[in-house]
Amino acid sequence: MTQQPGAIVAVGGYLPLLRLDRAQAAKSLRHFGLGGRQAGYRAVGGWDEDAFTFAAEASRALVESPPSKIAFASTSAPFTDRSHAALLVDALALPRATRTADSAGTRRCAVSALLDALLGGEDSVVAAGERRPARAGSPSHLAYGDGGSAVRTGTDGAARLVGWASIAHDLLDSYASRGHETAYPSEERFVRDVATAAVIVPAIAEACATAGISPAEINAAAVHEPLGGMWKDIARKAGITAPNHASTLAERAGDLGAAHALFALGLALESARPGDLVLLAGFGSGCDALVFRVDARVPGAASVRDALGSGEATADYVRFLALTGNLDLDFGVRSEFEQKAQATVLERYGRDTIGFIGGRDSAGNVQFPKTPIPVRPGAGGREALEDVRLADLPAKVASVTADRLNFTPDPPFWFGLVQFDNGARILMEFTDASGPGFVVGDALGMRLRIKSVDKRRGMRTYFWKAAPAARPQLEA
Amino acid sequence: MATGIKDRVAIIGMGCSVFGERWDRGADDLMIEAFEEAIADAGIDRAQIEAAWMGNALDDINIGNSALPLAHALRLQTIPVSRVENMCATGTEALRAAVYAVASGAIDFGLALGVEKLKDTGYGGLPLRTKGLANDLWMPYGSAPGTFAQLAGAYSARHALDGGDLKQAMAHVSWKSHQNGALHGKAHLRKAVEMDTILKAPMIADPLGLFDCCGVSDGAACAIVTTPEIAKSLGIDNPVTVKAIQLSASNGWEMGYGEWDGASVRNTQVAAGRAYAEAGIKDPRAEISLTEVHDCFSVTELVTMEDLGLSDPGRAPFDILDGKFDRGGAIPCQTDGGLKCFGHPVGASGLRMAYEVYNQLKGRAGERQLANVDFGLTHNLGGAPFNSVAAVSILGRLD
C-alpha cells in the first residue's frame with residue numbers, strides 16, 4: 001500500500017414504492033405448505049423498473065459534481081452485452097470522458113468495487129441495483145427485495161477506510177447461471193455453519209486486525225447475511241455487539257442482493273456519530289470486510305433512512321406475482337403492440353432522452369425535446385439551445401387521466417401534461433400512483449424508468465416518468 | 001388578395017354507407033356503397049369525374065397506403081387519385097382537396113371519399129400505433145379517450161366546476177346523441193339510452209365512461225363537387241355550396257410551451273374564426289342553423305361549443321343541460337347522432353358530417369329534419385387536444 005485509502009463522500013439508496021406484506025403473502029401459499037412464517041416487507045419493483053433504474057435513482061444525488069469514474073454492480077442487470085455503467089453516464093448526464101466499469105458475478109460485487117475504489121483513492125461512484133428473479137413459492141421470492149444503492153468515494157470524506165480484508169471462497173450457498181436465472185439454493189444449515197465460520201467471521205476478524213481495533217469496538221454494522229437470522233451467530237463468534245443494519249434492511253425491504261450491503265451501509269452511517277466505527281461486509285463467493293471510522297455526518301445517509309421508511313404496503317399477492325414475472329396474465333389483443341427501438345435513432349436522441357436534457361432558447365424558455373426551431377411563439381428560425389437537465393427540477397400536473405383502455409402491465413396507465421416550474425411542458429407518463437392517484441396541480445418529481453420493453457428482441461429503452469413528489473410513510 | 005372559396009363550389013351529390021360493425025363488408029364494398037348513392041344523387045356519369053381524393057387515416061388497417069384502393073374499388077379510369085390523411089380531420093381534408101381543385105378551375109368534377117375499416121383490428125377502440133421512432137423514445141402511448149379525458153380535468157380546474165356538474169353535462173351530450181342516432185337508419189348505434197345508464201357506465205379514462213366515448217365503426221362517405229354554374233346547368237336550381245373550409249394545426253405550442261391551460265382547443269377557435277370570416281358569418285349563434293361537431297368524446301363536444309363561440313367560456317355545461325344543442329334547441333348539434341352514435345370510421349367522419357348538413361339543407365333529413373336550415377357547420381378534429389388538427393367547414397345554399 002503506497003497511498004492513503006480513500007473515504008466515503010456520500011451515500012444514496014432507492015427502493016420502489018410497493019412493499020409486500022410478507023405475512024399476508026404467506027397466507028396465499030398456506031394451502032401448498034409454502035411461505036412459512038413470514039414477517040416484514042418485501043420491496044417490489046414496478047413493471048417499469050429494473051436493476052439499472054434502481055442504481056441510477058440511488059446515484060442521482062451523488063453526482064452534483066461529476067465523478068471521474070462510475071461503476072455499476074448487479075447480478076440481475078438487464079443486458080449481458082451492453083454497459084450499464086455507460087448507460088449511467090448518459091442517465092446521470094455525466095461527461096462522456098467518465099471512466100466506467102461493470103461488475104457482476106456475485107452479490108459481493110458492489111462491495112468489491114467499493115473496496116477497489118477506496119484503495120485506489122478514486123473520485124468514483126459505485127452504483128448497485130438489483131431486481132433478482134425468483135420462483136413463486138421459493139423462500140427467495142419473499143426474502144428478496146428490489147432496490148438500489150450507491151456510494152461516492154474520494155480522497156477526503158466523512159467516513160475513512162481504516163481496515164479491510166478479502167476472502168475468496170467458492171462456497172456454493174446458491175448459484176444462478178445462463179438458462180437458470182433463478183438462484184438454486186443449498187441446504188440452509190450447511191450455509192449457516194460454513195459461511196459463518198469459514199468466510200464471514202474470518203474476514204471480519206482480519207479487517208478489524210488491519211484497522212487495529214477489536215471487533216467489540218464496532219458501533220454499527222452492515223453485514224450482508226447469506227440467509228436471514230444469521231447475524232446473532234456471526235456477531236457472537238466475531239465478538240461484535242453492534243446492531244446489523246443489513247438485518248433490518250432484509251426485514252423491512254428484503255435482501256437487495258448486490259445492492260444490499262451498500263444500502264445497509266447508508267443506514268449504519270446514518271446511525272453513527274463522529275468517532276464511531278462502522279463495519280461493512282459483502283458476501284458471495286467469499287467476503288469483503290471493510291472498517292470505516294466516521295468523522296462527520298455522511299451526506300445522503302438520512303435520505304437512505306427515509307427511503308426505507310417510505311412506501312406503500314400491499315397485500316395483493318396476485319399483483320406481486322405479476323410484477324415479479326411469475327404470472328403471465330393475458331391482457332388481450334391490445335397488449336400485442338410491439339415497438340422496436342432503432343440504434344440509429346438512439347444514437348441521435350438517446351443521450352438527451354435518457355439524460356432528460358431539454359434546451360433553453362434565446363428568450364429563456366425551456367423545452368423538451370430540443371428542436372432546431374424553438375417551440376416559443378414567434379420563434380422565426382433556428383436557434384442553438386442551451387442544455388437544461390430536467391430530471392431534478394420541480395414540476396406539477398397540468399392535465400392527467402387514468403387511462404384504462406391502453407395496455408400497461410400494471411394498470412391504469414396514468415399520463416398527462418407536466419408543467420415544470422422553469423416553463424418546460426412535456427407530455428409524460430406518470431408512475432407510482434398511490435391512494436386516489438393524481439390531480440391537476442399535484443407536485444411531481446422525476447424518476448428514471450423503463451419506457452418500453454421489446455420482449456421479442458430483448459431490448460428496452462429508458463425515459464423519465466413523473467412520480468408524486470413525496471411518498472407516503474410506512475408504518476414502523 | 002385571396003377571396004376564399006365561398007360559393008365557388010357546389011356539392012351536387014353525397015353518399016354515405018351504413019356505419020357500424022360491417023363484418024360482411026370490406027373497404028371496397030363500403031366505398032362503392034357510398035359512391036353509388038352520391039353518383040345517383042349527382043346525376044352525372046362516373047366518367048365525368050376528373051380527379052378523386054381518398055381520405056383514410058389508418059393505412060395499417062385493411063386499406064393499405066396510397067389512394068389506389070379507391071381507384072381499384074371504383075375502377076376509376078386513369079384519373080388522378082390522391083390519398084389525404086390528417087388524423088380524424090381526414091374526411092374534411094379530402095373534401096377540401098376536391099373543393100380547392102374545382103375552385104381553382106383545374107377540374108369541373110371532383111370526388112372526395114373517406115373510408116375506414118376499423119373493425120378489422122380485432123379489438124375495441126382505435127389501433128395503437130407508433131408515434132415515430134424518435135417520439136417513441138419519450139412520448140406516452142395514451143389511448144384516444146386518455147388524451148381527451150385530459151380536457152375534463154383542465155376544464156374543471158379552469159372554471160372551478162364541480163366534477164359532478166361536468167359529468168352530468170357530458171352525460172347529456174351522449175344522451176342527446178343517442179336520441180338523434182336512434183332516428184337514423186345508417187347510424188351505428190340506434191338506441192336511446194337513459195341518463196342513469198350513461199352516468200353509471202364503466203370508466204374508460206377518468207372521468208370518461210363508456211358512454212362518453214364514440215363508436216368505432218366501419219364506414220365510408222363521399223361528395224361530388226362541381227361549380228355552381230355547372231350545378232345549375234344540371235338542373236339544380238339552388239345548389240348546396242361550400243361557404244368555407246378552414247383548418248388549423250398545432251405546431252407544438254400546446255404540449256411544449258407552458259401557456260395553454262388545457263381547457264379549450266385553440267385550433268378549433270382559430271379554424272372557426274377563419275371559417276366565419278370566409279363565409280361572412282357575423283353572429284354564429286344567430287346564423288348557424290345546426291352543427292355536426294367532432295364528438296369523439298362527450299367532453300370534446302362540450303368544449304367545442306365554446307371554441308366555436310356558441311357558448312360563453314365556462315357556460316357550455318349549463319347550455320347543454322338547458323337543451324340548447326338538443327334537436328329541438330336553439331342550435332341543434334349532431335342531428336344524425338354524431339360520432340357518438342352514427343359512428344366514427346376515422347377517414348369518413350368529416351364527410352359524414354357534411355352528408356347530414358347537406359341533407360338538412362336539402363330538406364331530406366326525414367324525422368330529423370329541422371325547420372329552418374340556412375347554414376350548417378361541420379367540425380372535424382384530428383389528434384389530441386394538446387396536438388390537433390381542427391377543420392371547420394360551413395355549408396349553405398347558393399342563394
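This is a predicted model: local features need pLDDT of at least 70, side-chain atom pairs count only at pLDDT 80 or more; totals for chains, interfaces and linings use all residues.
**Figure 1. Helix 8 of chain A and its buried residues.** Helix 8 spans residues 245-252 of chain A and is mostly covered, with six of its eight residues buried. Past the helix comes Gly254(A), which has a positive phi near 110 degrees.

**Figure 2. The open sheet of chain A.** Nine strands of chain A form this open sheet, and the pairing is mixed. To trace the sheet across, follow the order 5-4-6-7-1-8-13-12-11. Its edges are strand 5 (99-103) and strand 11 (220-223) of chain A, each of which pairs on one side only. From one strand to the next, the twist averages 20 degrees. Within the sheet, strand 1 (residues 7-14) and strand 8 (residues 159-168) of chain A are antiparallel partners joined over two bridges. Here Ile8(A) has Ala159(A) of strand 8 of chain A standing opposite. As a friendly reminder, strands of a sheet pair through backbone hydrogen bonds, either parallel or antiparallel.

**Figure 3. Two helices lying across strands of chain A.** Helix 2 of chain A lies across strand 1, strand 4 (69-73), strand 6 (124-130) and strand 7 (147-154) of chain A. Relative to strand 6 of chain A, helix 2 runs at about 140 degrees. Helix 9 (residues 260-271) of chain A lies across strand 1, strand 6, strand 7, strand 8, strand 11, strand 12 (277-283) and strand 13 (286-294) of chain A. With strand 11 of chain A, helix 9 makes an angle of about 175 degrees.

**Figure 4. Val298(A), a loop residue.** You will find Val298(A) in the loop that links strand 13 to helix 10 of chain A. Val298(A) counts as buried because 27 other C-beta atoms lie within 10 Å, where 20 or more are needed. Leaving aside residues up to four places away in sequence, Val298(A) touches Ile8(A), Ala10(A), Val11(A), Ala158(A), Ala159(A) and Leu269(A). Pro274(A) is 24 residues from Val298(A) along the chain, and their C-alpha atoms are separated by 9.8 Å.

**Figure 5. The two domains of chain A and their contact.** Chain A is divided into domain 1 (7-323) and domain 2 (333-468). Their centres, taken over C-alpha atoms, are 31 Å apart. Domain 1 of chain A brings 17 residues to the contact, and domain 2 of chain A brings 19 residues. On the domain 1 side, helix 2 (51-59) and helix 3 (84-91) of chain A each supply at least two residues. That side is made up of eight nonpolar, two polar and seven charged residues.

**Figure 6. The contact between chain A and chain B.** In this view, 40 residues of chain A meet 34 residues of chain B. Two or more residues of the chain A side come from each of helix 12 (343-354), strand 18 (395-403), strand 19 (413-420), strand 20 (425-429), strand 21 (443-454) and strand 22 (459-468) of chain A. Strand 18 of chain A gives the most, with six residues. By class, the chain A side holds 19 nonpolar, 14 polar and seven charged residues.

**Figure 7. The two domains of chain B.** Domain 1 (10-121 + 218-233) and domain 2 (144-214 + 240-397) make up the domain assignment of chain B. A distance of 23 Å separates their C-alpha centres. In the contact, 35 residues of domain 1 of chain B meet 32 residues of domain 2 of chain B. Strand 1 (10-16), helix 3 (90-103), strand 4 (110-117) and strand 7 (218-226) of chain B each supply at least two residues of the domain 1 side. Helix 3 of chain B provides the largest share, eight residues. The domain 1 side divides into 22 nonpolar, nine polar and four charged residues.

**Figure 8. The largest nonpolar core and Leu113(B).** The largest nonpolar core has 285 residues. Those with the most contacts inside it are Ala110(A), Val126(A), Ala112(B), Leu113(B) and Cys222(B). Helix 6 (residues 188-211) of chain A contributes the largest share of this core, 10 residues. Zooming in on Leu113(B), its contacts beyond four places in sequence include Met31(B), Phe35(B), Met54(B), Leu70(B) and Cys222(B).

Methods:
Residues are numbered from 1 along each chain as its sequence is written. Chains are lettered from A and ligands numbered from 1 in the order in which they are written. Domain bounds come from an automatic or database domain assignment. Two residues are in contact if their C-beta atoms, placed from the backbone, lie within 7 Å. Helices (H or I, at least four residues) and strands (E, at least two) are DSSP runs, numbered from the N terminus. Ala, Val, Leu, Ile, Met, Phe, Trp, Tyr, Cys and Pro count as nonpolar, Asp, Glu, Lys and Arg as charged, and the others, Gly among them, as polar. A nonpolar core is a set of buried Ala, Val, Leu, Ile, Met, Phe, Trp, Tyr and Cys residues joined through C-beta atoms within 7 Å. A residue is buried if 20 or more other C-beta atoms lie within 10 Å of its own, exposed if 12 or fewer, and partly exposed in between; C-beta atoms are placed from the backbone. Two strands pair if DSSP finds at least two bridges between them. Axes are lines fitted to C-alpha atoms, for helices over the stretch in contact, and angles run from 0 to 180 degrees between N-to-C directions.
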